[in-house]
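Look at the model below, then follow the contact step by step.

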Amino acid sequence: MLLEGAAETVRLTALMLALGAAVGLPFGVLHVYGPRILRVAVLDPIVVFFRGIPSLVLMMIIYFGASEIGLDLSGFIASILAIGVRSGIYQSQIVRGAIQSVGSGQMLAARAIGMSKWRAIRFIVIPQALRLALPPWSNEYAGVLKESSLAYALGVTELMRQGRYIVARTFGNSLLVYTVCAAIYFVLVFLGIRLLRKVEQRFSVPGFDAAPQGRAFFGRDLESSR
Amino acid sequence: MTSFFEYAIEIAPVLLRGASMTLQIVALAIVLGIALGVLVGLARVYAGRTAYAFCTVYVEAIRGTPLLVQLFLLYFGLPSVGIYISSFWAAVIGMGINSGAYQSEYFRGAIQSIRSGQMLAARSIGMNRRQAIQSIIVPQMLRRALPSWSNELMYMIKYSSLAYMIQTPELMAAAKEMSAQTFRTFETFLLAGLIYLVIVAIVSRALMSLENRIKIPGL
Amino acid sequence: MTDLTLRLEGICKSFGSLSVLKDVDLDVNKGETKVLMGPSGTGKSTLLRCINLLDPPDTGRIWLDGREITAKGINVDEVRSSIGMVFQDFNLFTHLTALDNVRIGLVRVKGVDKKTATDMAMEELRRVDLAEKAASYPAQLSGGQQQRVSIARALALKPRLILFDEPTSALDPELTGEVLKVMSRLAEDGMTMVIASHEIDFARSAADEIVFMADGRIVEKGPPDVMFTSPQQVRTRDFFRRIGERH
Ligand SMILES: Nc1ncnc2c1ncn2[C@@H]1O[C@H](COP(=O)(O)OP(=O)(O)OP(=O)(O)O)[C@@H](O)[C@H]1O
Ligand SMILES: [Mg+2]
């Protein structure tokens, strides 16, 4: 049963991350290359909003806001929307940072051989930026996985809720059950990060330093969801 | 049905009472977190092998699992071995332990960014290790960690909303309770969200000006 | 015997398999200024750090004012507080003002009360001509000023001996003068000093003895006029010729 919950947690996480990537990449690119007015008037306030509001509240707003306008979202969908978009905003910041550290020389060189601005972004800057973005992105993976536990509040039967059911049904030892839940999360975080490191190595380019030394066990970027 | 604005004014007292509970939890948790964070951060740089291993297990166990599980373990788990903690203190302790793990990493990073010459110079004027750590390393560490530390405070404010799930009567719980009475759930949570935003904005402004005020040239 | 401040006997030091100091003997009398010279990597810094036990020697013995400081049961912190050290890159405490940098050793190590310590620290800042910079933080001072503060920091503890590790090599040429001036004044005042330095002119005028090191050994030593004009060893001659060309 806990494994069923774990599977649901993995599904949630995957969908949240996917939605986040779909939002984050274009947002990140726009943030760097879009018009200044868009950045100041739209993107920055959105970032401030999403950094200041708890994911749990965001979930509630989306869930109940949808039913307000006659849209009946399941808890599953509402949590994915809330945390997915939240993650998208964070991911846009990762993408932005990565693009900025690619450096303007690359862009200049691409323009110099006659590429248009958008082609240069597409074929020169983004491939490099994505490599740079991988290490902080694995941190975001861990954050989203952990935050997926909040779907518990909307009745989604993910890992935590399965744990709760087991405790209720069997009058089981709750300390034991939740410790097992914690262990499952830990293993998922650990395995995911190992996997992403493999990906990093797979795509690493000699002389292109995407992974500086001295990284912490779970990624060096400390700004992570809980 | 009253307008959103009127409704907001009507339920504000209840929500603000919840918010004050939120702030109490955050304040206590952050203090516990600093204490743990400084100790663990220092231990992971300066202490022996056993302490290092012990602290590493703590930090990675916390960072590798959701805060929600940690709160559940404290509040629902501990009673099965006969330890009962009130929901308020479970929230404070849980968030404090959680924050301590993350903060220790800020502090550790800050210590490692201090040039080794500082320790050398301290030892050369006859300070022992403890004195050097205490009066040279720690003050510099605290100042260097300040920016990430104000980040941490934002996180704590936001994640204190999880205390709601272990029945602490803070802001989220107040919003839930009000919406059960008025059935205006969406507006209530929207309002709660705004309150979180305002708290975060005020605190981050305050910390920024504090940072500027105690800034030391070149540090 | 009474005026022997420092005695080194058979100092050896290795880092892993790299043997850096090989059987170094040296006597420094009270009030003497010795300048250590020699090619890069010969172990001058290492020797200085052995003397104040920041990097204790592997073998060999060191006496300070007749007391063996390499003996067992010696309080190394107390030893270090009676030997000043001035570093190439200053190492001023970045979070403290100039005054606090000078005062902290008095307050934290010697336990002097704050008011007396302040007076003593101001006195030392005056000695390096920096009284008016007492409230500045290191980042607000020029390199030369920082180095003078760090000299004051060493002086404040009333050391028996001050060690200088290339105190001017991190400085722009126009700033070295002010630091060397302070050091010359200390030499005249009878401070006992061991200085690693490449400053020929300073060494000529301020040193009582030049100690030439190469490959972890003392190759030759003698008064400046002899060492600079007619050294006995080929390596010494080559070294000074090369240094001379740079000037
Ligand atoms: N802590 C250490 N660990 C390993 N090797 C060291 C250490 N400190 C110094 N060494 C090595 O010892 C040798 C002597 O170094 P030292 O710094 O004493 O030379 P130096 O005479 O001061 O040279 P310079 O004029 O460049 O300052 C060098 O080869 C150096 O690499
Ligand atoms: Mg040296």
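Start with polar contacts: across the interface of chain A and chain B there are twelve residue pairs of this kind, both residues at pLDDT 80 or more. A polar contact is a pair of N or O atoms within 3.5 Å; within protein, one must be able to donate a hydrogen and the other to accept it, and residues adjacent in sequence count only if both atoms are side-chain atoms.

Which helices of chain A touch chain B with at least two residues each? They are α2 (36–52), α3 (55–68), α6 (117–147), α7 (159–170) and α8 (174–202). α8(A) gives the most, with eight residues. Helices here are DSSP runs (H or I, at least four residues), numbered from the N terminus.

This is a predicted model: local features need pLDDT of at least 70, side-chain atom pairs count only at pLDDT 80 or more, and totals for chains, interfaces and linings use all residues. Residues are numbered from 1 along each chain as written, chains are lettered from A and ligands numbered from 1 in the order written, and side-chain values use heavy atoms, without hydrogens and water.

Now the whole contact. It takes 41 residues from chain A and 41 residues from chain B; contact means heavy atoms within 4.5 Å.

There is also one salt bridge between the chains. Arg226(A) pairs with Glu152(B), their closest N and O atoms 2.8 Å apart. The rule asks for a side-chain nitrogen of Lys or Arg within 4 Å of a carboxyl oxygen of Asp or Glu.

Finally, confidence. Chain A averages a pLDDT (the predictor's confidence in each residue, from 0 to 100) of 86.
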